[in-house]
Structure formats: structure tokens, C-alpha cells
Amino acid sequence: SSSSSSSSRSLLSSSSSSSSSSSDKMSGTDIDGKAIAQTIRNEISEGVKALLVKDGKVPGLAVILVGARRDSQTYVRMKKRACEECGIASFGFDYPETATEDELVAKILELNADPKVHGILVQLPIPAHMSEGRVLNTIDPTKDVDGLHSYNVAAL
């Protein structure tokens, strides 16, 4: 919408003059990433509310985490928090490093069939004893949040 475009543009401020010179200097722009992220979250939140009113549905995101990598845990925690802020249902599934590939595949198949789950994210990397390709290609391409299913990668 034009109001969201103008609000996003107002979050940008020029840090150098826009006049061009004969040299190849580039003008820079400072971006307020936190403000832009908040604007996007607000827009998503409004969309979620509208979907609830229109269809009586709340979008759902399932996140699968295997192992105890602190960076992955932090990323997943941030995704859950963002879902909460936007009104999106969040379903977390944490597995130990020793989980089997078949366990993950079975959970993904279950989530593919769950009408409350509209998106599935498998936090990478997964342990070396698992086939990343098999795991990612088990995700229904229409629920593949990261776009890493082979159908989605090919569509790029």
C-alpha cells in the first residue's frame, strides 16, 4: 500500500548529498533496521488480524530445531518472539543431536498434514548423520518457509 511505502521511505535518511560529481563516489543511505522491522511486523500483524476476521484462521509456523547450537537456539527464539508479536501461532519441536533422520521426516510429514501449520522451517545446520536434502525435500513445497525444497529452489 502507498501508506506503508511512504512510512518505509521515511525510515531512510540520506547521509551524503545526492549531487553527482565527475568522480565515482556513491552516496550512502543510513537505514534504521529496527524501525523498518517494526513497521513490517506491524503490517504483518494487521494482515493476521484481517485473516482472522475474514476466514477465522490464524497462520501457523512450525520450527524444527535439532541439537543444541546456541546460535540456532537464539535464531529460533527470535522467530518465536516475532510470531508472538504478529499474532502468528508458533509450534516448536526441539530434538537432541542424536535424533534420527527418520524421526525428523516423520514429524515433517505430520506437520505437512496439519491444517493449523501453514509454514515449516527446519533450522540449519542439521547434524551430519542426517541427509539435509531428504529432510528439506520432505517439507511440502507450499509450506517451505525458507524456500529450500528442490521445487522452490528450481523456481528461482
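Helix 2 covers residues 33-55, 23 residues in total. At 1.5 Å a residue it should span 33 Å, and its end C-alpha atoms lie 32 Å apart, which agrees. The expected span is 1.5 Å times one less than the number of residues. Helices (H or I, at least four residues) and strands (E, at least two) are DSSP runs, numbered from the N terminus.

The structure is a predicted model, in which local features need pLDDT of at least 70, side-chain atom pairs count only at pLDDT 80 or more, and totals for chains, interfaces and linings use all residues. Residues are numbered from 1 along each chain as its sequence is written, and side-chain values use heavy atoms, with hydrogens and water left out. The predictor's confidence in each residue is given as pLDDT, from 0 to 100. The protein chain has a mean pLDDT of 88, with 84% of its residues at 70 or more. Residues 1-10 fall below 50, and this stretch has three contacts (heavy atoms within 4.5 Å) beyond near neighbours in sequence. Residues 12-21 also stay under 50. For them the model has 13 contacts beyond four places in sequence.

Gly-56 follows just after the helix, with a positive phi of about 70 degrees.

A pocket is an open set of points on a 1 Å grid over the protein atoms alone, with protein on both sides within 12 Å along at least five of seven lines; lining residues have an atom within 4 Å of a point. The largest pocket has a volume of about 270 Å³. Its lining holds 14 residues, with Ile-44, Lys-79, Ala-82, Cys-83 and Ile-88 nearest its centre. Helix 2 and helix 3 (70-86) each give two or more residues to this lining. Helix 3 supplies the largest share, five residues. By class, 11 lining residues are nonpolar, none polar and three charged.

A cavity is a set of grid points where a 1.4 Å probe fits but cannot get out. The whole structure has one cavity of 30 Å³ or more. The largest cavity contains about 30 Å³ of space. Ile-120, Leu-121, Val-122, Leu-136, Ile-139, Asp-144, Asp-146 and Leu-148 line it. Strand 5 (residues 119-122) contributes the most to this lining, with three residues. Six of the cavity's lining residues are nonpolar, none polar and two charged.

Technical notes. Points joined across faces, edges and corners; volume = space filled by probe spheres on them. Nonpolar A, V, L, I, M, F, W, Y, C, P; charged D, E, K, R; others polar.
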